[in-house]
Amino acid sequence: MTPVAAAHWSDTPLAWRDRLLGSARFRRWAEAFVPTRWIARRRAAQVFDLVAGFVYSQVLLACVQLRLFDLLAQGPQTLAALSLRLKLPLAGTERLVLAAVSLKLLEARPHDRFGLGPLGAPLVGNAGVAAMVEHHAALYRDLADPLALLRGEAGPRELAGFWPYAGTEMPDALPAQQVATYSTLMAASQPLVAEQVLQAYPLQRHRRLLDVGGGDGAFACAAARHAPALQVQVFDLPGVVARAALRFEQAGLAARCSAQGGDFFRDELPAGADLISLLRVVHDHDDERVLRLLRAVRRALPEGGRLLLAEPLADTPGAEAMGHAYFGFYLLAMGRGQPRSEARLRELLAEAGFTRVRRLATHLPLQASVLVADAG
Ligand SMILES: CC(C)=CCC/C(C)=C/CC/C(C)=C/C=C/C(C)=C/C=C/C=C(C)/C=C/C=C(C)/C=C/C=C(C)/C=C/CC(C)(C)O
Ligand SMILES: C[S@@+](CC[C@H](N)C(=O)[O-])C[C@H]1O[C@@H](n2cnc3c(N)ncnc32)[C@H](O)[C@@H]1O
C-alpha cells in the first residue's frame, strides 16, 4: 500500500502557487507584464542553467585541460595566438573562447584579444579546483544514468574505483598504488580546506594534534607551519601514511610530524593528542560507522581534549546545491556516505559523548565549515 503523508495547512496555498506557475496562460501574462517580467526572465534563466549545466561543466573542463586560465594570466591573447599555443584549430579555439566568455570565465579585450573573466581569474594557479574539475570525468560517466544510480543497479561505478576504501571492509589491506590517485587529489585540494580551518581555529593553543584520516600529510604540514611549536601526527591507512612520511621528510618537518597506519574502525587511535581533527572524513561514512569513529576519537582524547571537524555541510546558506545535490550524488556514486547538516552532526557528536559543540565561522563555507567539540 502506498503510504499517505499527513496534510499541512500550507498545502493549499502552495498547491495554488504550483498550479499558477505551471499554467502556460499565467506564464505568458507574467512574461509580458512589465512589473513581473524580470522575475519571469530570471526564473527562465535559472531553469535553463539547470537544463544546460552539464554543458557548462564541460566547457570549464576543456579550459582546465588546456591550462587556459594560467596561459591568459600572462596577458590577453588573440584567437590566432591562442590557437597556436593551445594546438587547437582556429574554429575550435573560437568556439571554446566564446563559450567561456559567455560563462564569464574569459572576457573580450580591446584589439580582438581575450583575457581572464571574473570567474576565470580566481582559478589561476588554483591546482585544487583544477584537479577536482579533471577528476569529475569519472563522476560524469557514473551520472549518465541517474536512475540506475538511485536504484543501486550495476553501472560504470568509476568513482567507486577511484575511492577504494569506500567499498571494502578491509581498507588497511589496500596497496599503495590503489590509494595514490585519491591521495594526490586530496593533497592538491587540501589547501581549500586548510585555508578555512586555520583561519577559523588557531592551533597555537594546542600541544599535539592527531589528524585522523589525514591523508598523506598535506594538512599536517600546513598545521605545523601555522603553529611552530605544535607536534602533529597523522593516522590513516598504511598505504597512505607511507606517503605522509615522505612528505614530512621533504618539507623538513620530520622532527615535528609523524604518521601511524591503521584502520580507524578497527584499531585504537594513538593517545597523547589534546586536539584531534577529522577533515573531510565524516561525510564519507554512514551514521553507524561515524558513531564508531567519533567514539574512538572520544576515547583517544584526554579530559579537556578537543575535536575539530571540518567538511562542507549540507544546508549551507548561499551554497545549498553543494550539499544535497553535489555531495549527495557524489557520495552516492562513490558508494558510501552522505552530506550532513550542522544539526545532524550535533546529534551524532552528542551521542558519541562530546559536549559544547560550536560552529566556527569560516570565510568560505562552500569550501569547509568547522565544528569544534569538547571531550567530556
Ligand atoms: C576587483 C574588482 C573589479 C571587483 C572586486 C569584487 C570582488 C570583491 C570580488 C571577489 C573576488 C573573489 C575573492 C573571488 C573568489 C573566488 C573563489 C575563492 C572561488 C573559489 C571557488 C572554489 C571552488 C569552485 C571549490 C570547489 C570545490 C570542490 C568541487 C570540491 C570537491 C570536493 C570533493 C569531491 C571531495 C571529495 C572527498 C570525499 C570523497 C567526499 O570525502
Ligand atoms: C576524503 S579523504 C580526506 C583526507 C584529508 N583529511 C583531506 O582533507 O585532504 C579521507 C581519508 O580517510 C582515510 N580513510 C578512509 N577510511 C579509513 C579507515 N578505515 N581508516 C583510516 N583511514 C581511513 C582515507 O585513506 C583518506 O585519506
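**Figure 1. In what order do the strands of the open three-stranded sheet lie?** The order is β1-β3-β2, and the pairing is antiparallel. This is a predicted model, in which local features need pLDDT of at least 70 and side-chain atom pairs count only at pLDDT 80 or more, while totals for chains, interfaces and linings use all residues. Residues are numbered from 1 along each chain as its sequence is written, and chains are lettered from A and ligands numbered from 1 in the order in which they are written. Helices (H or I, at least four residues) and strands (E, at least two) are DSSP runs, numbered from the N terminus, and two strands pair if DSSP finds at least two bridges between them. β1 (77-78) and β2 (106-109) sit at the edges with a single partner strand each, so one side of each has no neighbour in the sheet. Two bridges link β1 to β3 (residues 113-116), and Q77 stands opposite F114 in β3.

Figure 2. Strand β7 covers residues 275-279, and five of its five residues are buried. Buried means that 20 or more other C-beta atoms (placed from the backbone) lie within 10 Å of a residue's own; with 12 or fewer it is exposed, and in between it is partly exposed. Both faces of β7 are covered, with L275, S277 and L279 on one side and I276 and L278 on the other. β4 (residues 208-212) pairs with β7 in the parallel sense over four bridges, and V212 has L278 as its bridge partner. β8 (residues 306-311) also runs parallel to β7, joined by five bridges, and S277 stands opposite L308 there.

**Figure 3. Now for the largest nonpolar core.** A nonpolar core is a set of buried Ala, Val, Leu, Ile, Met, Phe, Trp, Tyr and Cys residues joined through C-beta atoms within 7 Å. This one has 64 residues, and V212, A220, A223, I276, V297 and L307 have the most contacts inside it. Helix α11 gives the most to this core, with seven residues. Apart from it lies another core, of 17 residues, including A100, L106, L123 and A130. Leaving out residues up to four places away in sequence, L307 touches I276, V297, F354, V372, A373 and A375; two residues are in contact if their C-beta atoms, placed from the backbone, lie within 7 Å.

**Figure 4. Who's around ligand 1?** The surrounding residues are P122, V129, M132, W163, L192, R280, H283, D284, Y330, M334, L364 and Q367. A residue counts as near a molecule or strand if its C-beta atom, placed from the backbone, lies within 6 Å of it. Helices α7 (127-142) and α14 (320-334) each supply at least two residues of this shell. By class, the shell has eight nonpolar, two polar and two charged residues. For these classes, Ala, Val, Leu, Ile, Met, Phe, Trp, Tyr, Cys and Pro count as nonpolar, Asp, Glu, Lys and Arg as charged, and the others, Gly among them, as polar.

**Figure 5. Last stop: ligand 2.** Of the 21 residues around ligand 2, M186, G213, G215, F264 and R280 come nearest. The elements giving two or more residues to this shell are α10 (176-200) and α11 (218-226). α10 gives the most, with four residues. Sorted by class, the shell around ligand 2 has 13 nonpolar, four polar and four charged residues.
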